[in-house]
Amino acid sequence: LFCFPPDGYKFTASGSLFDAIDNEIPILSLKNDYFEGMFHDFGDFGYLEDDVDGLKRRILWLKEHKNDSKWNIRSVKQKVSPASAAQRFSKSKWFES
């Protein structure tokens, strides 16, 4: 659960975010550029809400629908793995000689 103000994370949430993905635990967060970018690049792996009231509603919804998910977190885990990142980097313009 990431509930700091949207501009409060930027890149500081990356460690706990990658721990959640590695342990295949979906996240629940307020929307911000960092999380929206990660969802865009790698797929959904939890829920992003606009405000604290949205977080509250989502938590109540999850209590009733805990087995409903809209993502494949193992796919996300593979996409953010070091091997996958190295493969993407080797195909990028930054790797050209």
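Trainee: How many aromatic pairs are there?
Mentor: The count is 3 aromatic pairs. Rings of Phe, Tyr and Trp (its six-membered ring) pair if their centres lie within 6.5 Å; planes under 30 degrees apart are stacked, over 60 edge-to-face, and the rest tilted. This is a predicted model: local features need pLDDT of at least 70, side-chain atom pairs pLDDT 80 or more, while totals for chains, interfaces and linings use all residues. Residues are numbered from 1 along each chain as its sequence is written, and side-chain values use heavy atoms, without hydrogens and water.

Trainee: Why is the pair of Phe39 and Phe45 called tilted?
Mentor: Their planes are at 45°, so the pair is tilted. The ring centres are 4.4 Å apart.

Trainee: And are Phe39 and Phe45 buried or exposed?
Mentor: Phe39 and Phe45 are both buried. Buried means under 20% relative accessible area, exposed over 50%, partly exposed in between (1.4 Å probe, protein chains only).

Trainee: What about Tyr47 and Trp61?
Mentor: They form an edge-to-face pair, 6.0 Å centre to centre, with 70° between the planes. Tyr47 is buried, at 5% relative accessible area. Trp61 is partly exposed, at 31%.

Trainee: Which charged end sits over the ring of Trp61?
Mentor: That of Arg58, 5.1 Å from the ring centre. The rule: NZ of Lys or CZ of Arg within 6 Å of the ring centre and within 35 degrees of the ring normal.
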